[in-house]
Amino acid sequence: MGLQRFLIEERIALAGDRALTFATAAPLNYASWINLLSCGLTVRALQYRYGGYPRFLMARSGAALLYGLPDNDHPGVEIASDDLGRQSELLSKGWRGMEAVENSRFIRYRPMIQSAALQ
């Protein structure tokens with residue numbers, strides 16, 4: 001009914017425009033990671049927590065120059081949320097899970113371009 005997305009948006013607003021915002025989501029909890037991606041968080045890592053269960057570590061930064069920008073000219077790669085091996089491989093190369101693929105359980109990953117401020 002939109003409550004989860006509303007709460008994510010409120011949390012981001014409270015944190016401020018330049019704040020880092022973090023969350024975790026289970027790869028099979030589609031509603032959770034879809035809402036987080038829709039609110040500007042990206043998949044930054046795959047970690048095993050809470051007794052060894054896989055979790056996406058998701059983050060949002062208002063200061064893009066700290067982490068670079070996605071290469072939006074690259075078509076990206078669509079990966080099923082439960083394909084943990086492929087996601088780990090791309091994450092280790094600096095790619096980020098950027099968006100939910102509409103009407104599916106796939107996440108579109110894109111490579112990042114390092115910000116000119118860091119070069």
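These are my notebook entries on a predicted model of one protein chain.

**Entry 1: the overall layout.** I began by listing the secondary structure and found three helices and eight strands. Read from the N terminus, the elements come in the order α-β-α-β-β-β-β-α-β-β-β.

**Entry 2: burial and surface.** Next I looked up how much of the chain is tucked away: 39% of the 119 residues count as buried. Taking contacts between residues at least 6 apart, 60% join residues at least 24 apart.

**Entry 3: helix H2.** Which residues of H2 are buried? In this helix, spanning residues 30–38, I noted Ser-32, Trp-33, Asn-35, Leu-36 and Leu-37. I then asked what covers them. The cover includes helix H1 (3–15) and strands S1 (20–25), S2 (42–49), S3 (53–61), S6 (96–100) and S7 (106–110).

**Entry 4: Arg-108.** S7, one of the strands covering H2's buried residues, also holds Arg-108. Is this arginine buried or exposed? I put Arg-108 down as buried, because its relative accessible area is 16%, under the 20% cut-off. Setting aside neighbours within four places in sequence, I found Arg-108 in contact with Pro-75, Gly-76, Val-77 and Glu-78, and also with Arg-96, Gly-97, Met-98, Glu-99 and Val-101.

How values were computed
Residues numbered from 1 in each chain as written. Predicted model: local features only at pLDDT ≥ 70, side-chain atom pairs only at ≥ 80, totals over all residues. Heavy atoms only, no water. Helix = DSSP H or I, 4+ residues; strand = E, 2+ residues; numbered from the N terminus. Buried < 20%, exposed > 50% of the residue type's maximum accessible area, 1.4 Å probe, protein only. Contact = heavy atoms within 4.5 Å.
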